[in-house]
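Please keep the sequence and the model open while reading.

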Amino acid sequence: MTLTALGALSTPLIGCATAAGTAKSATAATAHARAPAAPTRVASAGSKAPTLIAATDMAPPPDIFDAQALDMDFWLKPRTLSVIRPQSGERASVLYWKDGQVIDAAYQELCHLMRDVNGKETAPIDPKLFETLWGTQAFVARYGIDQPLEILSGFRTAKSNSRLIEQGVPAARQSLHIKGMAADIRIANLNAEVLGGLVRSFRQGGVGFYYRSGPKGGWIHADTGLKRTWKG
């Protein structure tokens, strides 16, 4: 794999807030502490009308949903991405970006961690996806949630993707997982609604909300394709 596409990571890709925007966010956070959270509307796939999702007790201050409120210093600090692959049992904490440069060996390691565990193949991962994953993890850490990202699915071969569809697992036939542009993720102690709201605020691509019952709950699909939102 080469890093011909990685030049874009020399500077932050996601917008930073002005001082006025940051102050507005802080004011909203104070108001949130005094009033109950409002429901969130999420557009369902194939439907023009949004689905009303009740707010949960886990909802953080409003500014955690708005990555645009981050200042430039956030994007200039070194980027270490901590991940878990439940399927393979792998854990890693990888410093992949420092001083405005992507570290080649670290990028290759992250691509390997994001490989198709079933098909046992590795492919280049869109650098913008790593930016969103790292930004999400670093942002929630500011609120005391210092947990690794669980990568439930990263790159998929076309064969592996077809197998999932045959098994009834939610997967698009032209999935961006096949192109190394998508990941299904989860963070411990953060439900799918809260995590998805944050990922969506990065405005880097599509966000799918997958709600499931059980001790670990659902997960979020994040990709670097067209900006869209759906519930699966």
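Arg156, leaving aside its neighbours within four places in sequence, is in contact (heavy atoms within 4.5 Å) with Asp116, Asn161, Leu164, Ala171, Ser175, His177, Ile178 and Asp184. This is a predicted model, in which local features need pLDDT of at least 70 and side-chain atom pairs count only at pLDDT 80 or more, while totals for chains, interfaces and linings use all residues. Residues are numbered from 1 along each chain as its sequence is written, and side-chain values use heavy atoms, with hydrogens and water left out.

**Arg156**

Arg156 sits in the loop between strand S6 (149-153) and helix H5 (158-166). Helices (H or I, at least four residues) and strands (E, at least two) are DSSP runs, numbered from the N terminus. Is Arg156 buried or exposed? Its relative accessible area is 5%, so Arg156 is buried; the term means under 20% relative accessible area, with exposed over 50% and partly exposed in between (1.4 Å probe, protein chains only). The side chains of Arg156 and Asn161 are joined by a polar contact of 2.8 Å. A polar contact is a pair of N or O atoms within 3.5 Å; within protein, one must be able to donate a hydrogen and the other to accept it, and residues adjacent in sequence count only if both atoms are side-chain atoms.

**Pocket and cavity**

The largest pocket holds about 450 Å³ of space. Among its 29 lining residues, Ser153, Arg156, Pro170, His177 and Asp184 are the closest to its centre. S6, H5, strand S7 (182-187) and S9 each give two or more residues to this lining, and S9 gives the most, with three residues.

A search of the whole structure also finds one cavity of 30 Å³ or more. Helix H4 (127-141), helix H6 (192-201) and strand S9 (219-223) each supply at least two residues of the lining of the largest cavity.

Both kinds of space are found on a 1 Å grid over the protein atoms alone: a cavity is a set of points where a 1.4 Å probe fits but cannot get out, and a pocket is an open set with protein on both sides within 12 Å along at least five of seven lines; lining residues have an atom within 4 Å of a point. Grid points are joined across faces, edges and corners, and a volume is the space filled by probe spheres set on the points.

| Space | Volume | Lining by class |
|---|---|---|
| Largest pocket | about 450 Å³ | 12 nonpolar, nine polar, eight charged residues |
| Largest cavity | about 60 Å³ | five nonpolar, four polar, three charged residues |

Here Ala, Val, Leu, Ile, Met, Phe, Trp, Tyr, Cys and Pro count as nonpolar, Asp, Glu, Lys and Arg as charged, and the others, Gly among them, as polar.

**The sheet**

The protein has six helices and 10 strands. Eight strands form an open sheet of mixed pairing, in the order S5-S4-S3-S6-S7-S9-S8-S10. Strand S5 (101-102) and strand S10 (229-231) stand at the edges with a single partner strand each, so one side of each has no neighbour in the sheet. Two strands pair if DSSP finds at least two bridges between them.

In strand S3 (residues 79-85), five of the seven residues are buried. S3 pairs with strand S4 (residues 90-98) in the antiparallel sense over seven bridges; Arg79 stands opposite Trp97, and Ser82 opposite Ser93. The two strands form a hairpin with four residues between them, and Gly89 in the turn has a positive phi of about 80°. S3 and S6 run parallel and are joined by two bridges, with Leu149 in S6 as the bridge partner of Val83.
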